[in-house]
Amino acid sequence: MTEPEPWWRDAVIYQVYPRSFADSDGDGVGDLGGVRAHLRHLADLGVDAIWMSPWYPSPMADAGYDVADFRDVDPVFGTLAEAETLVAEAHELGIRTIVDIVPNHVSSAHAWFREALADPDSPMRELFWFRPPSPDMPTDWVGEFGGTTWTRTPDGSWYLHLFTPEQPDLNWDHPVVKAEFEDILRFWFDRGVDGIRIDSAALLFKDRSLPPVVDGQPHPFHDRDELHDVYRAWRRVADSYPGERALIGEVWLPDASRFAKYLRPDELHAAFNFDFLGCAWDAELMRACIDRTLDAHRAVGAPTTWVLSNHDVTRHVTRYGRADTTFSFENNLDGTPVDLELGTRRARAAALLSLSLPGAAYVYQGEELGLWENEAIPPEQMQDPMYARRGHSRDGCRVPLPWSGDSPPFGFSTGSPWLPQPPEWKDLTVEAQAGDPSSMLALYTSAIALRPRSSPFSWTDLGAGVLAYCRGSSFACVLNLSSAPVPLPSFREVLIASNPLDGDLLPPDTAVWLRLSSS
Ligand code: NOJ
């Protein structure tokens with residue numbers, strides 16, 4: 001008998017953004033009670049795991065990615081005991097839990113930073129990147145949210161933050177920092193969590209000489225070689241627990257071979273595929289991206305991942321409804337017209353694509369409902385710190401989910417949601433879609449149930465503008481990205497179509513899963 005594949009190799013992992021999933025106490029912000037109350041939705045959808053975006057105590061300068069204490073839960077979300085209950089209840093429904101760890105920085109409210117700031121001679125300053133008082137900033141580095149990376153302290157010193165000033169960067173050369181994070185992993189593994197999502201996993205280390213960023217030179221703070229020893233140590237921690245605990249990295253790197261290094265057998269188990277997420281809706285580019293992905297992962301024996309959306313990027317219904325279907329932080333909120341009907345049609349086809357490629361698939365909360373980016377949030381209601389610094393806001397993809405009813409807050413809360421929901425979402429609530437076989441929710445539910453898991457992948461050539469591949473000898477996916485209908489190959493049965501077929505023709509922007517006659 002062959003051993004079953006470890007779960008993380010082909011799981012469907014659903015990202016819960018707790019602020020926006022469901023609110024159980026009426027304060028307008030989602031919480032763990034809300035997640036617990038809707039676990040059945042996730043079990044019915046058929047997901048294997050949930051990834052919880054940060055739930056830790058935080059001043060929320062970056063929606064919880066500014067962590068004040070990695071071993072507790074913010075009161076706005078609930079309690080540590082409730083998090084443990086959630087992990088246990090999810091397990092009872094066959095759902096694993098992944099928590100989000102943020103190792104590049106902490107909150108300026110974290111005890112270490114408060115101590116460091118209070119006393120210029122404190123040894124705690126060694127755990128961060130403090131530089132002595134001087135009239136000039138130590139470097140001219142540009143932060144990940146735009147703007148400077150240095151802030152002056154009351155004593156005139158500078159400290160480094162690649163994100164907001166409320167997110168001081170840790171000094172990963174320091175053994176105390178390394179030991180602390182291994183202990184944090186153990187803390188959560190001891191509480192039964194099945195995996196860790198690693199935030200900004202290719203940052204962490206900095207060149208100690210703080211050189212300028214120069215093209216063609218090793219980057220002073222991106223993708224430094226020292227990272228790999230940290231992830232080897234984390235892998236040893238994960239492997240010391242029973243039950244296949246997984247490490248999943250948020251690694252944004254254009255170079256596929258550098259990316260794959262993080263996935264060597266003694267490092268991370270998986271990493272998000274942002275190449276796929278940012279790819280244009282174009283058959284040739286998609287095929288090249290899928291090939292690049294498969295090749296890079298094959299080289300290190302790691303599972304591929306397929307990601308269409310998350311809490312940082314424009315929702316893909318909106319992206320695919322624009323003339324420019326790629327993602328970049330620059331092309332959001334630029335006033336480009338969006339054809340939501342076209343975007344939805346393509347998003348349905350993309351779901352059948354990402355759920356039938358080999359590897360693990362990620363579903364960002366609300367994509368199973370076909371939610372689009374709320375581009376109509378008034379500037380004064382924007383909460384994302386990126387908005388003030390870079391003119392781009394991630395709030396439009398973070399809007400609270402619509403559960404039921406005909407008007408906001410759509411069963412999300414009894415209070416006023418922390419970001420406004422579009423009234424048009426009345427047709428996209430879980431309640432409105434339940435029982436409708438043509439809904440996005442029904443499409444995701446059947447696709448997750450029927451998706452091919454481990455069978456081998458091979459391309460089939462059906463001409464320009466069409467992506468077609470088999471999984472094993474009895475399953476095929478055909479996706480028409482051209483502007484004209486294309487004939488389908490011979491088949492025994494249509495398993496799922498993202499939109500109605502036109503006889504034996506596959507209409508544009510439509511995907512179909514076929515059972516083939518050959519087996
Ligand atoms: C990546 C997270 O996904 C994003 O939301 C956050 O702002 C940055 N890392 C900083 O932690």
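First, the ground rules. This is a predicted model, in which local features need pLDDT of at least 70 and side-chain atom pairs count only at pLDDT 80 or more, while totals for chains, interfaces and linings use all residues. Residues are numbered from 1 along each chain as its sequence is written, and side-chain values use heavy atoms, with hydrogens and water left out.

Which residues come nearest to the ligand? Of the 13 around it, they are D62, D199, H311, D312 and R394; a residue counts as near if one of its heavy atoms lies within 4 Å. By class, that shell holds 7 charged, 3 polar and 3 nonpolar residues. Here Ala, Val, Leu, Ile, Met, Phe, Trp, Tyr, Cys and Pro count as nonpolar, Asp, Glu, Lys and Arg as charged, and the others, Gly among them, as polar.

Now the polar contacts, meaning pairs of N or O atoms within 3.5 Å. The side chain of D62 has an N or O atom 2.6 Å from a ligand oxygen. For D199, a polar side-chain atom is 2.7 Å from an oxygen of the ligand. In R394, the distance from a side-chain N or O atom to a ligand oxygen is 3.0 Å. On its own the ligand has 300 Å² of accessible area, and the protein covers 97% of that; the areas come from the Shrake-Rupley method with a 1.4 Å probe.

Where does the ligand sit? It is in the largest pocket, in the sense that more than half of its atoms lie within 2 Å of the pocket's grid points. On a 1 Å grid over the protein atoms alone, a pocket is an open set of points with protein on both sides within 12 Å along at least five of seven lines, a cavity is a set where a 1.4 Å probe fits but cannot get out, and lining residues have an atom within 4 Å of a point. The largest pocket has a volume of about 680 Å³, a volume being the space filled by probe spheres set on the points, which are joined across faces, edges and corners. It is lined by 28 residues, and E144, F163, H222, W252 and F329 are the closest to its centre. The lining divides into 12 nonpolar, 11 charged and 5 polar residues.

On to the cavities: there are 2 of 30 Å³ or more.

Last, the backbone. P408 and P409 are joined by a cis peptide bond, with omega about 10 degrees, and P409 lies in the loop between α12 (385–390) and α13 (430–433). M60, in the loop between β2 (49–52) and α3 (80–92), has a positive phi near 65 degrees although it is not glycine.

Notes: Polar contact = N/O pair within 3.5 Å; in protein donor to acceptor, adjacent residues only side chain to side chain. Helix = DSSP H or I, 4+ residues; strand = E, 2+ residues; numbered from the N terminus.
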